[in-house]
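These are my notebook entries on a single structure. I set down what I looked up, one topic at a time.

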Amino acid sequence: MSGRTIDGRAAARLLTEGLTAEVTRLQEDGLGVGLATVLVGDGFSSAAYERRLRRLATELGVRYLPRTLPGTATEADLLAVIAELNAAPEVSGILVLRPLPAHIDEATVFRAIDPAKDIEAVHPENAGLLALGVPRFVPSTAASVFHLLDTWLDQAGEDRTDFYHRSLIVVVGRSNNVGKPAISLGYHREATVESVDEWASRTGNLGRHTRRADVLIVAAGRPGLIKAEHVKPGAVVLDVGINPRTGPAGRVHMVGDVDFASVAPRVRAITPVPGGVGPVTDVWLLRNTVTAARPARALVEAS
Ligand code: NAP
């Protein structure tokens, strides 16, 4: 069986086209769309993410309001910026980039974001709505994983409902921002869902779980963790991992959590890194910002 690569860049382009039209409609209705990002310190990955969002917002005609604080900023400094953005009518969505410095309590910061502007659903109210199956916003990475999967099923001529009802989805990684939302979206589609964490690897049980997966979603942040022997032939594999690697010439490039070369020939479909989940995630964040600009439509169906 030959592997088939799912093209995240093409999916992102299609989503961007749809969003451009929606931004124009909002502006015609007198509703501004504004994305505010808050970056504390100068983390390599978060700064790169911030630059990509800036480019995309500009391309879409979304107002972009970046805030950068030094790594020495206090929790009170950050909370003051969030209070200001909560009150700013030109801001429809707020994204606090992770990781935050260790001296700042992430949960306190997330609780301070106005839930109506919390486009990554990090506030407990939005995380709760997602877990209950009635999300206000679907966190962009998990939403992108399932958008790629749904779209791939349509292209493969599979009935989505039937596919999910008979499938086991295994999610490797259970972080609040990626793994847990992906688990919720699997439940919402009425699939059988299994969650695997680092203990499965430490106890030598990782492959026992992953080899049973019809759909394997990997978000562990461990380069090359999943190899051919971890995957069932004919599975669909979605690699969320984005891990910086320095090449021989000192250039930094990104690799996934899945060893693409050994896994791709075994599977029915697979997302590459780069060019898989990542580009869709960026657009989805903007999509949530656009959704937030129309309060009447704020409660959306699961992605
Ligand atoms: P995280 O907060 O560090 O969480 C990692 C999760 O993976 C934890 O639940 C951890 O288990 C589990 N894990 C770690 N090592 C494992 C192992 N050897 N076997 C099984 N499970 C293991 O990371 P994250 O924020 O979810 O991000 C994960 C990856 O996705 C990173 O590479 C990140 O850069 C990438 N990412 C990509 C996108 C995108 O758009 N494509 C967006 C966000 C993040 P425990 O719970 O037991 O600690």
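Entry 1. I began with E190, which is exposed because its relative accessible area of 54% lies over the 50% limit. The model is predicted, so I treat what follows as computed values. I found E190 in the loop between α8 (179-188) and β5 (192-196). E190 has a positive phi of about 60° although it is not a glycine. I noted for context that most residues other than glycine have a negative phi.

I then looked up A121, another non-glycine residue with a positive phi, here about 55°. A121 belongs to the loop between α4 and α5 (124-131). Is A121 buried or exposed? A121 counts as buried, because its relative accessibility of 8% is under 20%.

**Entry 2. Cis peptide bonds.** I recorded a cis peptide bond from R98 to P99, with omega near 0°. P99 is placed in the loop between β3 and α4. I recorded another cis bond from V273 to P274, again with omega near 0°. P274 is in the loop between β10 (269-270) and α12. For reference, most peptide bonds are trans.

**Entry 3. A102.** I located A102 in the loop between β3 (93-96) and α4 (106-112). A102 is exposed, since its relative accessible area is 86% and the limit is 50%. I also checked its separation from G71: the two C-alpha atoms are 9.8 Å apart, while the residues are 31 apart along the chain.

**Entry 4. Aromatic pairs.** How many aromatic pairs are there? I count two aromatic pairs, taking ring centres within 6.5 Å as the rule. In one of them, the rings of F146 and Y164 have centres 6.4 Å apart and planes at 40°, so I class the pair as tilted. F146 lies in helix α6 (residues 140-155) and Y164 in helix α7 (residues 160-166), so this pair ties together parts that are 18 residues apart in sequence. F146 and Y164 are both buried. F163 and Y164 also form an aromatic pair, with 5.6 Å from centre to centre and 80° between the planes, which is edge-to-face. F163 is buried, as is Y164. I therefore note F146, F163 and Y164 as a cluster linked by ring pairs.

**Entry 5. Charges over rings.** I looked at Y164 again and found R189 over its face, at 5.8 Å from the ring centre. I also found the charged end of R202 over the ring of W199, 4.5 Å from its centre.

**Entry 6. The ligand.** Which residues come nearest to the ligand? Of the 23 residues around the ligand, these are R174, S175, S201, I242 and T281. The side chain of N177 has an N or O atom 3.2 Å from an oxygen atom of the ligand. A polar backbone atom of V240 is 3.2 Å from a nitrogen atom of the ligand. The side chain of N243 places an N or O atom 3.1 Å from an oxygen atom of the ligand. On its own the ligand has 930 Å² of accessible area, and the protein covers 76% of that. I noted that α9 (198-202) and α12 (277-292) are the elements that give two or more residues to the shell. The largest share, three residues, comes from α12. By residue class, I record the shell as eight nonpolar, 10 polar and five charged residues.

Key. Residues numbered from 1 in each chain as written. Predicted model: local features only at pLDDT ≥ 70, side-chain atom pairs only at ≥ 80, totals over all residues. Heavy atoms only, no water. Phe/Tyr/Trp six-rings, centres within 6.5 Å; stacked < 30°, edge-to-face > 60°. Helix = DSSP H or I, 4+ residues; strand = E, 2+ residues; numbered from the N terminus. Buried < 20%, exposed > 50% of the residue type's maximum accessible area, 1.4 Å probe, protein only. Lys NZ or Arg CZ within 6 Å of the ring centre and 35° of its normal. Near = heavy atom within 4 Å. Polar contact = N/O pair within 3.5 Å; in protein donor to acceptor, adjacent residues only side chain to side chain. Areas by Shrake-Rupley, 256 points an atom, 1.4 Å probe, with all protein chains shown as cover. Nonpolar A, V, L, I, M, F, W, Y, C, P; charged D, E, K, R; others polar.
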